[in-house]
Amino acid sequence: MPSTLLLDRSSWDLVADASGNIAVADAPYAVAQDTASAVRVFQGECWYDTDLGLPYLNNILGRTQSAPVFRSDVEAEAKTVPLIESAQCVLTAMTISRQLTGQILLKLTDGTQLGIGFGSTTYFILDQSALNSSDVLL
């Protein structure tokens, strides 16, 4: 099973474990966190692989774009993370300040289902999903 460096949910920075070492997260949390990181990356931002990430600067931010195109981009990027069998981006609202909120619903290869919330004051909320495909508002 994969592991990843544990990131603080509000600052998205490294955290220490009880012994003072850099904390590590294991699956399924590691897979959810890696997915959240993958969809936060601006395409071209990762110097070791500039194809990673979403085209935020070219196609998303400040551009007129349909919700299905954004959902498709997020789902495709999420599926690049190991152990993800399927991903569904569910957009629930857009605030007055044009901030999208929603969840990325994940199904792992072992059948585990997770939800990653986005668009709140924290970067991502990793938990069991409270949404299903009939909850799509956008």
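Two aromatic pairs turn up when the whole structure is searched. In the first, the ring centres of Phe 42 and Tyr 56 are 4.8 Å apart and the planes stand at 45 degrees, so this pair is tilted. Keep in mind as you look around that this is a predicted model.

**The pair of Phe 42 and Tyr 56**

- Phe 42 sits in the loop between α1 (29-40) and α2 (56-60), while Tyr 56 belongs to helix α2, so the pair ties together parts that are 14 residues apart in sequence.
- Is Tyr 56 buried or exposed? Tyr 56 is buried, because its relative accessible area of 14% falls under the 20% cut-off.
- Phe 42 has a relative accessible area of 29%, so it counts as partly exposed, lying between the cut-offs of 20% and 50%.

**The pair of Trp 47 and Tyr 48**

- Here the ring centres are 6.0 Å apart and the planes meet at 85 degrees, so the pair is edge-to-face.
- The angle decides the label, because planes over 60 degrees apart count as edge-to-face.
- Trp 47 is exposed, with a relative accessible area of 77%.
- Tyr 48 is exposed too, at 58% relative accessibility.

**The nonpolar core**

- Now turn to the largest nonpolar core, which has 24 residues.
- Which residues have the most contacts inside this core? They are Phe 70, Val 74, Ile 84, Ile 104 and Leu 106.
- Two or more residues each come from α1, α2, α3 (67-78), β3 (84-94), β4 (100-108) and β5 (113-118).
- Helix α1 gives the most to this core, with five residues.

**The protein as a whole**

- The secondary structure consists of three helices and six strands.
- How do the elements run from the N terminus on? Their order is β-β-α-α-α-β-β-β-β.
- The protein has 138 residues, and buried residues make up 35% of them.
- Among contacts with a separation of 6 or more, 40% are between residues 24 or more positions apart.
- The accessible surface comes to about 8000 Å², and 53% of this surface belongs to carbon and sulfur atoms.

Note on methods. Residues numbered from 1 in each chain as written. Predicted model: local features only at pLDDT ≥ 70, side-chain atom pairs only at ≥ 80, totals over all residues. Heavy atoms only, no water. Phe/Tyr/Trp six-rings, centres within 6.5 Å; stacked < 30°, edge-to-face > 60°. Helix = DSSP H or I, 4+ residues; strand = E, 2+ residues; numbered from the N terminus. Buried < 20%, exposed > 50% of the residue type's maximum accessible area, 1.4 Å probe, protein only. Core = buried A, V, L, I, M, F, W, Y, C linked by side-chain atoms within 4.5 Å. Contact = heavy atoms within 4.5 Å. Areas by Shrake-Rupley, 256 points an atom, 1.4 Å probe, with all protein chains shown as cover.
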